[in-house]
Amino acid sequence: MTAAVHPAVPRRRLPAALAVVVVVGLAVSGWAPRERTTWLLETVWVLVGLPLVLFTWRRFPLTNLLCALLAVHALVLAVGGHYTYAQVPVGDWVRDTFDLDRNPYDRFGHLMQGFVPAVLVRELLVRTSPLRGSRWLAPLTVCACLAFSAVFEMLEWLAAVVGGHSADAFLATQGDVWDTQWDMFCALIGATVSVLVLSRAHDRQLDALGVTSRYRGAGSTAG
């Protein structure tokens with residue numbers, strides 16, 4: 001689908017503004033981070049993803065909803081990369097205020113790891129696959145996000161094997177032996193909530209792009 005099919009030119013202002021915000025946020029987070037290697041590992045998704053979105057934009061522009069969520073997620077990653085997830089100041093404040101056992105920013109990051117990719121996966125499936133009109137769209141979207149979370153945990157495992165204790169800041173387990181399971185569970189919850197809460201708004205924006213979603217599952221406006 002080409003950009004010429006999408007007449008809503010004013011909507012391009014928001015993605016452009018969000019791209020600028022992400023670039024600035026990434027630059028600030030990369031200025032004297034607590035651990036340079038950890039910063040690179042945490043923000044590599046932004047360093048690869050933003051150029052990819054820009055390169056494919058004319059052929060495959062994204063909805064405003066997805067652009068906004070990707071920008072927020074990029075900033076979450078940038079903050080975690082700058083401080084390391086176990087030492088983000090706002091997470092320390094939440095921990096001390098609510099008398100928690102750990103800095104919860106890592107948990108929040110993994111909720112986002114499900115919440116944002118759910119809209120990305122849904123948009124890709126609606127626009128490119130036979131699942132466009134299927135009731136399987138919602139569960140398969142959630143499953144794809146959980147699969148990605150599992151792959152990410154395996155990457156963390158690889159980092160631990162290769163880096164040993166030097167990878168502790170990247171893992172951010174904070175002494176929790178069940179950290180891997182909690183991370184995947186948070187991603188599952190985030191993806192499920194995203195599909196249930198955002199599907200209606202996402203359908204409307206897909207329609208505005210000239211993409212008609214025939215999905216009739218949870219949270220859809222179809223039918």
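Colleague: How much of the protein is buried?

Modeller: Buried residues account for 43% of the 223 residues in the protein. Keep in mind that this is a predicted model.

Colleague: And the surface, what does the accessible area come to?

Modeller: The accessible surface is about 11900 Å², and 71% of that belongs to carbon and sulfur atoms.

Colleague: How many helices and strands are there?

Modeller: Eight helices and zero strands. Along the sequence the pattern reads α-α-α-α-α-α-α-α.

Colleague: What share of the contacts join residues at least 24 apart?

Modeller: If you take contacts between residues at least 6 apart in sequence, 72% join residues at least 24 apart.

Colleague: How do the lining residues divide into nonpolar, polar and charged?

Modeller: The lining has 34 nonpolar residues, seven polar and four charged.

Colleague: Next, the packing. How many residues are in the largest nonpolar core?

Modeller: That core has 23 residues, and Val46, Leu62, Leu69 and Val119 have the most contacts inside it. H1, H2, H3 and H5 are the elements that give two or more residues to this core. H3 gives the most, with eight residues.

Colleague: What is valine 46 in contact with, leaving aside its neighbours within four places in sequence?

Modeller: Valine 46 is in contact with Val22, Leu26, Pro51, Ala74 and Leu77.

Colleague: Changing topic to backbone angles. What is phi of threonine 84?

Modeller: Phi of threonine 84 is near 75°, which is a positive value in a residue other than glycine. Threonine 84 sits in the loop between H3 and helix H4 (89–97).

Colleague: Is threonine 84 buried or exposed?

Modeller: Threonine 84 counts as buried because its relative accessibility is 1%, and the cut-off for buried is under 20%.

Colleague: And aspartate 99, what is its phi?

Modeller: Aspartate 99 has a positive phi of about 55°, although it is not a glycine. Aspartate 99 is in the loop between H4 and H5. With a relative accessible area of 69%, aspartate 99 is exposed.

Colleague: Two arginines to finish. Where is arginine 132?

Modeller: Arginine 132 is in the loop between H5 and H6. Its relative accessible area is 26%, so arginine 132 is partly exposed. The C-alpha atoms of arginine 132 and arginine 122 are separated by 9.0 Å, and these residues are ten residues apart along the chain.

Colleague: And where is arginine 13 found?

Modeller: Arginine 13 is in helix H1. Arginine 13 counts as exposed because its relative accessible area is 66%, and exposed means over 50%. Between the C-alpha atoms of arginine 13 and asparagine 64 there is a separation of 9.8 Å, with the two residues 51 residues apart along the chain.

Terms used
Residues numbered from 1 in each chain as written. Predicted model: local features only at pLDDT ≥ 70, side-chain atom pairs only at ≥ 80, totals over all residues. Heavy atoms only, no water. Nonpolar A, V, L, I, M, F, W, Y, C, P; charged D, E, K, R; others polar. Core = buried A, V, L, I, M, F, W, Y, C linked by side-chain atoms within 4.5 Å. Buried < 20%, exposed > 50% of the residue type's maximum accessible area, 1.4 Å probe, protein only. Helix = DSSP H or I, 4+ residues; strand = E, 2+ residues; numbered from the N terminus. Contact = heavy atoms within 4.5 Å. Areas by Shrake-Rupley, 256 points an atom, 1.4 Å probe, with all protein chains shown as cover.
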